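Grab the structure and work through these exercises with me. Each one sets a task and then walks through a solution.

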Amino acid sequence: MKLAVRTAASLAAIAMAGTLLGGCAPSASGGGTQKDEKSGTLRVWLFREVGNKPKERVVDGVARRFEKRHDGVRVDVRYIPVDSRAEKIKGAFNDPASAPDLIEYGNTDTAGYVENGGLADVSGEFGEWRQARDTDPTAKESVTVDGKVYGAPLFVGVRALYYRTDVFDDLGLEVPRTLGEVAAAARRIRAENPDMYGLAVGGAYTYGAMPFIWAHGGKLAERGGGRYRATIDSARAKKGIAAYTRLFGDGNCPAAKCAAMGGNDTVEAFAAGRAGMAVAGDFNRKAVDAGEAEGDYDVVPLPGAERGSIAPAFAGGNNIGVLKSSSHRTLAVRLMRELAGKETQKQLFDAMGFLPTFTDVRRQAAKDEPFVEPFVKTLDAGTEFVPATPGWAEIDAGLVLPSMFQQIAGGKRGVGAAAREAAEKMDEAFAE
Amino acid sequence: MSLPLSAPRPAPAEPARRRVNSPVRQGSWTPWLYLAPALTVLAGLLVYPVYQLGLISLLQYTQAQVSGGEPVTFQGLGNYAGLFSDRQFWEVLSATVLFAAACVLGTLTVGCALAVLLTRVRAVPRLALMLSALGAWATPAVTGSTVWVFLFDPDSGPVNRVLGLGDFSWTYGRMSAFTLVLLEVVWCSFPLVMVTVYAGIRAVPAEVLEAAALDGASQWRTWRSVLTPMLRPILLVVTIQSVIWDFKVFTQIYVMTDGGGIAGQNLVLNVYAYQKAFASSQYGLGAAIGVVMLLILLGVTLVYLRLLRRKGEVL
């Protein structure tokens with residue numbers, strides 16, 4: 001009798017442990033609801049920019065107009081901090097019940113979000129949208145994965161060469177017209193002003209370094225047979241890497257300081273008057289104007305390897321996408337078109353300086369505001385984009401390219417060895 | 001010197017006691033019944049997370065699986081195979097072991113030396129030393145790290161100015177960056193050692209120390225031959241604790257070397273796991289690194305306990 005009780009108890013315990021174990025698999029959210037309601041609340045997450053008020057005014061206008069035109073619809077806009085956006089958006093994908101219907105997202109994240117199953121395919125609606133015919137091709141590429149469209153481009157961001165007019169005048173320097181001349185001018189500035197970097201460069205400033213690779217005809221990776229393959233160790237890419245990493249050193253930007261710098265550090269150095277030149281974006285204008293360099297600088301497109309050419313820039317920027325889990329798909333797509341439409345982009349340019357993604361709106365903007373002209377010229381000369389594959393997110397997070405630049409800049413490895421290792425790591429990420 | 005250096009062994013338990021027919025004997029489930037609430041809480045807080053960690057480490061589990069873009073698949077030891085064939089993992093592991101060892105050594109040396117010093121100084125300096133140590137202890141790791149980076153800043157840091165180092169960048173070289181972090185880790189973890197050992201020394205009977213002094217033992221000799229044996233249990237606890245802490249160091253490396261240093265030269269296992277698990281959303285791989293860390297630390301602790309038992313001392 002006693003034995004029986006004991007056995008039963010043990011069996012019960014084992015059975016319970018079994019159920020526990022069985023029920024404890026890590027969670028994965030399901031496909032979500034596929035309703036398409038025509039009223040209710042549309043929830044939108046946008047990025048909170050530095051000095052966000054003007055953006056809020058523009059967006060509020062769009063939202064109120066949308067509510068007026070659609071009975072029983074409310075638009076609820078939230079601004080999420082840029083720093084923690086990755087966690088927030090991951091959270092939204094994991095928990096469809098509390099996720100928004102529309103999100104703003106950085107265009108390098110497109111492929112990753114699509115793989116995660118977070119964004120809805122809006123190819124059909126995008127194709128029917130008349131305004132979309134004027135969308136510039138790189139911007140369209142930045143919402144496209146495997147031929148399908150997952151959102152609408154909101155604005156583009158592009159980098160060009162900022163230089164100090166006063167320093168150039170003092171030294172009698174000409175505005176450089178090739179990358180070689182940029183390097184020569186940088187050395188000259190450093191030699192004459194030892195407290196200044198000639199051209200502020202950063203080992204962790206991937207988007208500032210890429211134009212050097214592209215200007216020499218190199219590519220990060222190339223697509224073949226449905227898959228990306230790293231070409232960062234090709235002869236041309238290595239030429240560009242060498243051109244960039246030669247700028248680290250006592251003659252321009254000492255490796256001990258500059259190897260660790262990222263994009264913001266170089267902009268900060270330029271704004272504080274500690275650099276003669278910097279590669280910075282149209283979106284950095286406010287930061288530069290807030291510093292000592294205000295009024296003493298000008299911007300030209302970053303020149304290419306040959307005279308008269310422009311180094312292809314990285315086409316950064318943000319998109320607006322509809323979440324797959326949205327229960328208001330039709331309304332959400334309509335609102336997406338409003339938020340990323342020509343009228344809103346024009347207003348956002350006036351309010352925030354965001355460069356429009358429609359070529360005609362952008363040309364008009366360049367006419368109205370001379371500051372953006374070099375950036376528009378850079379865009380018109382053709383831009384490049386990072387490989388549109390989820391592997392890129394891993395390469396980016398794994399700091400593969402910054403590690404490569406930093407190793408070469410610090411003299412720890414040669415260009416060949418560092419580039420080969422980076423290519424291997426990239427291929428590994430592409431293969432997954 | 002003739003002092004009993006090891007504690008007297010406890011007399012063997014009387015065999016008679018075991019045969020006493022206590023009421024507990026009859027229902028051998030009763031103790032478990034009483035223990036059940038505690039065990040349930042323990043299982044929930046300790047066993048379940050570790051179980052989940054182990055399970056995730058066997059799966060292909062990235063953001064795509066979490067948010068339902070792709071199905072979760074069982075990988076067996078795939079994550080571990082990938083990890084062990086990654087050269088960077090071995091580099092990071094050896095750097096972590098060496099760095100943790102140096103930190104433990106530094107922390108114990110500084111902590112013990114200051115504990116002895118505390119017993120030798122008057123009330124006012126003792127209070128000052130205690131307060132400053134407690135200040136270091138109470139400082140949150142992120143704050144402490146940030147302040148240290150400021151102090152050692154190449155352009156505006158006071159340390160370089162005082163030492164006349166010009167614009168030497170501490171975080172540029174691998175060794176100097178590790179040294180800087182090591183100093184910070186020692187600074188924020190010696191107070192625990194110091195306070196614990198100080199309490200231990202206070203509990204040592206005064207006559208023992210007096211006898212040593214009468215025998216003409218030097219300060220060092222007293223520490224080595226009298227205090228160390230008597231404080232062994234305390235020293236073992238703080239050592240194990242330091243090993244675990246310093247092996248798992250994260251904040252200091254993450255903040256001071258900007259997420260692992262130039263080209264990842266200052267990565268330690270925990271930051272590496274973070275990079276894999278959260279920055280690039282490979283939760284499966286990150287969990288595998290976690291399991292490896294867990295096993296290493298368990299191993300170290302078990303070996304330590306083993307050594308303890310062999311010497312006849314109980315923790």
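**Exercise 1.** Find which strands helix α3 of chain A lies across.

*Solution.* Start at residues 85–94 of chain A, which form α3. Helices here are DSSP runs of H or I with at least four residues, and strands are runs of E with at least two, numbered from the N terminus. This helix lies across β1, β2 and β3 (102–106) of chain A, where contact means C-beta atoms, placed from the backbone, within 7 Å. Now the angle: α3 runs at about 140° to β2(A). Axes are lines fitted to C-alpha atoms (for helices, over the stretch in contact), with angles from 0 to 180 degrees between N-to-C directions.

Before going on: this is a predicted model, where local features need pLDDT of at least 70, side-chain atom pairs count only at pLDDT 80 or more, and totals for chains, interfaces and linings use all residues. Residues are numbered from 1 along each chain as its sequence is written, while chains are lettered from A and ligands numbered from 1 in the order in which they are written.

**Exercise 2.** Work out the strand order of the open sheet in chain A.

*Solution.* The 5 strands go β2-β1-β3-β14-β6, with mixed pairing; a pair needs at least two DSSP bridges. At the edges sit β2 (73–81) and β6 (152–157) of chain A, each pairing on one side only. From one strand to the next, the twist averages 20°. Zoom in on β1 (residues 40–48) of chain A: 9 bridges join this strand to β2(A), and the two run parallel. For example, Leu46(A) has Tyr79(A) as its bridge partner.

Definitions and conventions
Two residues are in contact if their C-beta atoms, placed from the backbone, lie within 7 Å.
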